[in-house]
Structure formats: structure tokens, C-alpha cells
Amino acid sequence: MSITLTSPVMVILGGVWGLLALATLVVWWLAPAPDSELRQRIRSWWLIVALCSLALMFSRAAALVFFGLVSFLALKEYLTLIPTRQTDRRVLFWAYLSIPVQYFWIGIEWYGMFIIFIPVYLFLLLPVAMVLSGETQGHLRAAGTLHWGLMSMVFSLSHLAYLLVLPEGEYPHVSGPGLVLFLLLLTELNDVAQYCWGKLLGRHKISPTVSPSKTVEGFVGGVATTVPLAALLAPWLTPFSVFDALLTGALIAVAGFFGDLSLSALKRDLGIKDSGNLLPGHGGILDRVDSLTYTAPLFFHFTRYFYF
Amino acid sequence: MGYIVLRLAFFLLIVKPFLLLAVGINVRGRNRLPVAGPALIVANHNSHLDALVLMALLPLRLLPRARPAASAEYFLGNRWRAWFATRVIGIIPVAASGGRSRAEALGPVRDALTAGDIVIFFPEGTRGEPERLGQLKTGIVWLVQQAPNLPVCPIRLHGLGKVLPKGDWLPVPFFCDAWVGEPLRWEGDPSRFMAALATSLGG
């Protein structure tokens with residue numbers, strides 16, 4: 001079951017590789033120390049871009065396995081960070097097992113089950129499994145934190161993968177991988193743009209108690225970069241009208257910002273700086289997918305409601 | 001020799017993929033790991049996975065030389081476990097001292113070091129509570145006195161007691177850490193050595 005890559009996807013992917021090569025040159029010039037954080041970050045970007053390109057180009061199954069793996073790593077990092085009870089070991093095991101099941105619903109294109117499996121069935125079942133262990137101390141916290149993790153790292157992120165199986169053929173030039181690429185590219189570039197504008201012009205802290213590095217200037221700069229970029233890319237990868245393209249650009253920029261902020265609040269609550277060290281220069285995988293946990297479901301439902 | 005092939009296959013096909021995917025070990029100070037035998041690796045102990053993780057940290061070429069010291073009572077307890085532990089993993093069975101002399105209890109460990117092996121040794125003697133360093137036994141002092149110039153490499157493990165704690169058989173994925181510390185040297189003072197050891201193992 002291979003997916004046909006329309007040539008626009010290849011062109012844009014080529015553009016991403018070119019952009020990254022350019023960014024690498026700039027960073028080499030800006031940060032001469034071989035192990036500076038900026039250089040590490042670029043090296044990790046190469047890995048991310050290479051893996052995403054492979055996953056999107058190979059086959060639908062490969063892409064589903066890849067995004068399932070991202071969910072697994074994100075959930076594992078989350079469960080490593082938060083306090084868990086030893087009595088819940090079996091329950092956490094079931095929570096991990098829900099990942100292949102959730103991506104299986106996507107593989108067989110069962111939308112109804114995909115959309116309720118975690119918010120309804122796991123929401124009801126996992127606390128039951130916790131209750132059966134007989135431990136009531138910390139029950140609400142354990143059930144609540146586990147469900148939050150599953151909703152963010154599995155349910156929300158899996159919306160990215162459901163874009164792959166939206167019905168094809170209605171719009172001749174639009175493919176699942178194209179929509180995924182559009183969402184991934186804008187979400188990540190928005191992160192980068194916010195960072196760069198914040199570094200260049202940042203004066204006014206937007207949320208000093210949650211994330212002191214976020215500024216009004218960075219946020220506005222991010223929106224002002226992502227919105228025109230969305231309009232530029234939309235005709236290649238999406239069925240959107242110009243107005244809708246601008247709207248999704250704004251949606252991604254704002255949602256991505258709050259996804260980022262939401263993870264910052266979590267890290268602050270736990271008293272840590274980075275969520276892990278899987279991606280040198282970025283921190284952990286949560287530091288990279290935080291914006292996506294907000295942009296993926298919102299973009300998906302916008303697209304599905306208005307176009308599919 | 002045949003068992004070495006089995007051990008390599010076990011680590012390459014089962015242990016390493018499992019540690020990479022289900023666990024994910026973040027190693028710091030990898031350059032301080034021993035590069036040849038004989039050497040003594042000491043670590044805190046919370047899980048059956050500890051010895052496998054420490055062996056997997058070593059380059060493959062050293063795997064035939066790596067030997068965890070482990071409880072004879074438990075690992076030689078039944079025939080299959082004994083076969084797997086002594087042949088595939090290559091443990092050095094250590095009997096509880098129970099009133100016998102140090103030389104009798106830890107003699108096989110000293111012999112392995114003399115033969116040039118990389119011995120993995122858990123000074124707590126048994127698996128304790130996750131992330132709480134138990135009382136260190138002083139057998140380690142006797143051991144380093146037998147070979148005072150031997151490099152002792154302390155490795156502090158974190159998280160494996162959550163992945164597979166004592167008394168459970170089902171591993172649950174969590175990220176784990178391994179900090180390889182500065183090598184410890186025997187300078188003739190047992191209490192200072194034990195204090196340095198406890199510090200480097202997170203006590």
C-alpha cells in the first residue's frame with residue numbers, strides 16, 4: 001500500500017533540504033565552536049528532516065509506524081518525567097499498548113474509533129484498572145496525569161497521521177503526505193521564527209512566570225512569518241483558498257505558541273529545564289513536539305470540516 | 001567458544017534492541033568506561049536489567065570478557081537459570097559469605113580479575129529500593145586490596161528500578177540514565193574508599 005507522492009511534495013521536500021543546508025552554513029558561520037548548542041541543534045534537525053522525508057516517501061505503513069514511534073517516545077519521556085505509582089505499572093503498560101492500537105485505527109481508516117478510543121474508552125478503562133489494584137492514595141493525580149499524557153502524546157499527535165488517510169482524489173494535486181508536510185513545516189518553522197524574532201527584537205516578556213524566553217515580539221514575528229508562508233505553500237500542498245490558507249497559517253502560529261507554552265508550564269511545575277536529551281541542542285522529544293500537540297488536532301479538524 | 005557466539009547473539013538481537021527501543025539509556029561519561037581487561041565496574045543495583053545494561057555499555061569486542069558477579073543461591077537455583085546465567089551471560093556465582101572468609105566468598109571474583117576479565121560488581125550485594133542506595137558491603141575493599149592498581153569504574157544507574165523492579169517480571173518502558181564516574185583508586189584507607197564509592201554511586 002504505497003502512497004503516491006505528487007511532485008509538489010518532492011519539490012517542497014527538496015526546498016526543505018536546501019533551506020537546512022543554508023541554515024547549516026549560517027550556523028557554522030555564527031557559531032564556530034564545534035559543540036555549541038546551535039550546531040548541535042542543526043545536527044538534530046538533519047536527523048529529524050531525514051527521518052521525516054524517509055517516512056513520507058516510503059509508504060503509508062512506514063509513515064504510520066514512524067509517527068507511532070514518535071508518540072511512543074513522547075509518552076515515554078512524559079511518563080519518565082512525571083511521578084508515577086509503582087502500583088500502576090500494569091496500567092502504564094496498557095497505556096503504551098494503546099499506541100499501536102490507535103495507529104491501527106488510522107491504518108484501517110476507522111475514523112469513528114480513532115476519534116473516541118482514547119477520549120472515551122481509555123478515559124474510562126484505565127482508571128478502572130487503577131482501582132482494581134486497590135490503591136486509592138493519589139488516584140486522581142495518577143489517573144489525571146496519565147490521561148493528559150495520552151491525550152497529548154498519542155491522541156493529539158496521531159491527528160498528524162490521520163491526514164495521511166483522508167480520502168484522496170477530490171483534489172487532484174493534494175495528497176496525505178502533502179498535508180502532513182504542510183502542517184509539520186509550518187509548525188516547526190513557526191517555532192524557529194518565534195525563536196529568531198525573539199532573539200533579534202525581543203523586549204516584552206509575554207508570560208514571564210511560565211517561559212521567560214517568550215516575548216511579544218517573538219510571537220508577533222512568528223505569526224507574521226507563518227501566515228504569508230502558509231499562503232505561499234498552500235497552493236502546492238493543500239486544497240485551501242487563499243483566505244483559508246491565511247487562516248490556517250494564523251491557527252498554526254497561535255496554537256503552536258500555546259502548545260509550546262503548555263509544555264513549558266509542565267516543565268516548570270516539575271522543576272526541569274529540558275524534557276530529556278534525545279535530540280542534542282533541542283532537549284528531549286517533548287521539546288520538539290510540544291507545538292504539534294496543539295497544531296495537529298486543530299489543523300486536522302479545520303481541514304476535515306471544510307474540505308473532506 | 002560456542003557460548004560466546006550465543007552471548008553475542010543474545011546481546012545483539014535481544015538486549016541491545018530492547019534497551020534501545022523500550023528503555024533508552026542516556027549515558028554520560030562514556031569515555032571513562034574501561035577499554036580493556038582486567039577492570040572492575042561497580043554500580044548501584046535495583047533491577048535484573050542492571051547487569052545486562054552494564055554489559056551492553058561495553059563495546060562488543062569486550063563482551064566475551066565481561067562477567068557480572070551474581071548470587072549463587074539465586075542464579076544457580078534451577079538448572080535452566082543456571083545454564084543461562086553461567087553460559088550465556090557468564091556470571092561469576094558468588095555464595096553468601098555466611099560466616100565464611102572473604103577469600104572463600106569472593107575468591108572466584110579475584111580469580112576472574114587475575115585472568116583479565118571485566119568484572120561487574122554490585123557492592124550493595126542485592127537489589128534494593130529504586131533510587132535509594134542501600135548499605136554498601138565491605139567485600140569490595142577486600143577485592144581492591146587484592147589488586148591495588150586495578151582501575152575501579154563506578155557507574156550510577158537511574159530508572160531501571162522503575163523499568164523492572166524487584167519482584168516483577170513485566171518491563172515497563174521509561175528512559176534511564178547511566179553516569180560513568182571518575183575512576184576510583186585504592187589509597188589504603190577503607191573508610192575513605194567506601195565514602196568515595198558511595199558518593200559516586202549516588203549515596
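**Exercise 1. Determine the handedness of the crossing of α6(A) and α10(A), and describe the contact of the two helices.**

Solution. The helices α6(A) and α10(A) cross in a left-handed manner; a crossing is left-handed if the near helix is turned anticlockwise from the far one by less than a right angle, and right-handed if clockwise. Helices (H or I, at least four residues) and strands (E, at least two) are DSSP runs, numbered from the N terminus. The model is predicted: local features need pLDDT of at least 70 and side-chain atom pairs count only at pLDDT 80 or more, whereas totals for chains, interfaces and linings use all residues. Residues are numbered from 1 along each chain as its sequence is written, chains are lettered from A and ligands numbered from 1 in the order in which they are written, and side-chain values use heavy atoms, with hydrogens and water left out.

Next, the geometry. Helix α6 (residues 139–162) and helix α10 (residues 285–307) of chain A pack at about 60 degrees, with axes 8 Å apart. Axes are lines fitted to C-alpha atoms, for helices over the stretch in contact, and angles run from 0 to 180 degrees between N-to-C directions. The two helices are therefore oblique to each other, given that angles under 35 degrees count as roughly parallel, over 145 as roughly antiparallel, 65 to 115 as roughly perpendicular and the rest as oblique.

Finally, the residues. Among those of α6(A) that meet α10(A) are Met153(A), Leu157(A) and Tyr162(A), and the partners in α10(A) include Leu292(A), Pro297(A) and Phe300(A); contact means heavy atoms within 4.5 Å. The contact divides into 10 nonpolar, 5 polar and no charged residues, where Ala, Val, Leu, Ile, Met, Phe, Trp, Tyr, Cys and Pro count as nonpolar, Asp, Glu, Lys and Arg as charged, and the others, Gly among them, as polar.

**Exercise 2. Describe how α1(B) packs with α4(B).**

Solution. Helix α1 (residues 2–23) and helix α4 (residues 79–89) of chain B pack at an angle of about 95 degrees, their axes being 8 Å apart. That makes α1(B) roughly perpendicular to α4(B). From α1(B), Tyr3(B), Leu6(B), Arg7(B) and Phe10(B) take part, and they meet residues of α4(B) including Trp83(B) and Arg87(B). This contact comprises 7 nonpolar, no polar and 2 charged residues.

**Exercise 3. Characterise the interface of chain A and chain B.**

Solution. In the contact, 17 residues of chain A face 18 residues of chain B. The two chains bury about 1400 Å² between them, 58% of it on carbon and sulfur atoms; buried area is the accessible area (1.4 Å probe) that two parts lose on being put together, summed over both. Lys76(A), Arg89(A) and Arg90(A) supply 39% of the area that chain A buries against chain B, more than any other three residues.

The interface holds 2 salt bridges, a salt bridge being a side-chain nitrogen of Lys or Arg within 4 Å of a carboxyl oxygen of Asp or Glu. Arg90(A) forms a salt bridge with Asp168(B) at 3.1 Å, N to O.

**Exercise 4. Where in chain A do Lys214(A) and Asp260(A) lie?**

Solution. The side chains of Lys214(A) and Asp260(A) form a salt bridge at 3.6 Å, N to O. Lys214(A) lies in the loop between α7 (176–201) and α8 (216–237), and Asp260(A) in helix α9 (residues 242–270), so that the pair links distant parts of the chain, 46 residues apart.

**Exercise 5. Identify the backbone feature at Pro38(B).**

Solution. Gly37(B) and Pro38(B) are joined by a cis peptide bond with omega of about -5 degrees. Pro38(B) belongs to the loop between β1 (25–28) and β2 (39–43) of chain B.
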